[in-house]
Amino acid sequence: MANIELRAVHKSYGAVPVIRNVDLEVREGEFCVFVGPSGCGKSTLLRMIAGLEDISGGELLIGGQRMNDVRPARRGVAMVFQSYALFPHLSVYDNLAFGMKLAKVDEATVRRKVDEAARVLHLSHLLDRKPKALSGGQRQRVAIGRAIVREPGVFLFDEPLSNLDAALRVQTRFEIAKIHRDFGRASTVYVTHDQVEAMTLADRILLLNAGEAVLKEGSVAQCGSPLELYHRPRNRFVAGFIGSPQMNFLPGTLVAAEAGQATVRLDSGETLLACVDARRLAAGARVTVGVRPEHTEPGTATQHIARPLQWQERLGESTYLYLDSGQPEQPLVVKAPGHVYAAAGQRIALSLPAPALHLFDDQGLALERSVPVADLLLPQAA
Ligand code: ADP
Ligand code: MG
């Protein structure tokens, strides 16, 4: 087990910067997920930790040792890829044993470690099979097993579930979490573009900015616990990336800001109160109200807005209502209980409770929410 430190890490391909100024410590035993849209540099950052890419600037330390120029094999890391990269001509047993045999580990130890990994990964009955006789999920478990038997201080995963179908993805995700819990809790960095994987697996999430955007602040959009990113996104990008369906954004103007409470007039005319401290802005400032589909509900119990229904999706456990927001191509999405059914064109009244609202300034930066922290279940401050 070892911690990983990135200090002002930078990566360019030629003149093109891909990773800018990443500072991060992955603590011993921590499960850290790098997430972000395709092309934002997640794999590049992971491969720099593994030693498969040079580091253009900054420092990488593993277990307190500077690793910038250390060969991959000497970093004490094991990596699992999306493509399983198994040896097709070797049995599952020999795939698992390969690295140890190469390192001349004695036969009895090899067998013990392979058997233990196979037991944890439910592969014991498949040890004689070749990879082509395995399902995708089983192949990925062999790839994970090959990393486990090396007993690395650091586990690195690059989108290990992407090739699996939906049901298997959920099951394997659960198994990866269990392995982390049961198998000595190696420090883990896990790359995915899927925010659900990030939310369910991570102790801490590092959300990277979209690759193309040239942003002053560097590559990191936000780093924190899953619920911190969900409840206190630092900016509109984070707010939109975490959560599904996406957060709704409604443009408006700040009318008044008091301690812990802001009044906003939407461009569509309604006035809303939000539990947000907006005192750093002047009245009249342009703002955007954010509200998650699961935090709005049909009804007029609290402050509400009314909009015509454009479309709905009935999923059984819930119904998604798509309302006309007044902005083209940007319906206002409501997650309603599954029994809700509305006729097309019907005007739906929607309550927008003040504690559920987020507020962003004209740069897209979040204003501080004043909802009691206990209600937001914020664990382990960084
Ligand atoms: P992600 O894993 O988040 O999808 P990558 O780390 O693979 O993103 O890539 C980040 C960016 O770096 C992309 O814009 C990609 O085109 C670019 N890139 C990756 N590898 C190279 C390379 N060898 N040469 C030039 N550009 C590269
Ligand atoms: Mg990638």
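Student: Which domains does the domain assignment of the chain give?

Tutor: Domain bounds come from an automatic or database domain assignment. Here the chain has domain 1 (4–236) and domain 2 (245–376), and their centres, taken over C-alpha atoms, are separated by 37 Å. This is a predicted model, in which local features need pLDDT of at least 70 and side-chain atom pairs count only at pLDDT 80 or more, while totals for chains, interfaces and linings use all residues. Residues are numbered from 1 along each chain as its sequence is written, chains are lettered from A and ligands numbered from 1 in the order written, and side-chain values use heavy atoms, leaving out hydrogens and water.

Student: What is the area buried between domain 1 and domain 2?

Tutor: The size of an interface is often given as the accessible area lost when the parts come together. Between domain 1 and domain 2 about 1100 Å² is buried (1.4 Å probe, summed over both parts), and carbon and sulfur atoms give 49% of that area. Tyr 230, Arg 232 and Arg 236 supply 59% of what domain 1 buries against domain 2, more than any other three residues. In contacts (heavy atoms within 4.5 Å), nine residues of domain 1 meet 14 residues of domain 2.

Student: Which peptide bond is cis, and which residue has a positive phi?

Tutor: Most residues other than glycine have a negative phi, and most peptide bonds are trans. In this model a cis peptide bond joins Ser 244 and Pro 245, with omega about -10 degrees. Pro 245 sits in the loop between α8 (236–241) and β11 (248–258); helices (H or I, at least four residues) and strands (E, at least two) are DSSP runs numbered from the N terminus. Ala 8 has a positive phi, near 45 degrees, and belongs to strand β1 (residues 4–13).

Student: Which residues surround ligand 1?

Tutor: A residue counts as near a molecule if one of its heavy atoms lies within 4 Å of it. Among those around ligand 1 are Tyr 13, Val 18 and Lys 42. Helix α1 (residues 42–50) gives the most to this shell, with three residues.

Student: Where do polar atoms approach ligand 1?

Tutor: A polar contact is a pair of N or O atoms within 3.5 Å. A polar side-chain atom of Ser 43 lies 2.8 Å from an oxygen atom of ligand 1, and a backbone N or O atom of Gly 41 lies 3.0 Å from an oxygen atom of the ligand.

Definitions and conventions. A polar contact is a pair of N or O atoms within 3.5 Å; within protein, one must be able to donate a hydrogen and the other to accept it, and residues adjacent in sequence count only if both atoms are side-chain atoms. Buried area is the accessible area (1.4 Å probe) that two parts lose on being put together, summed over both.
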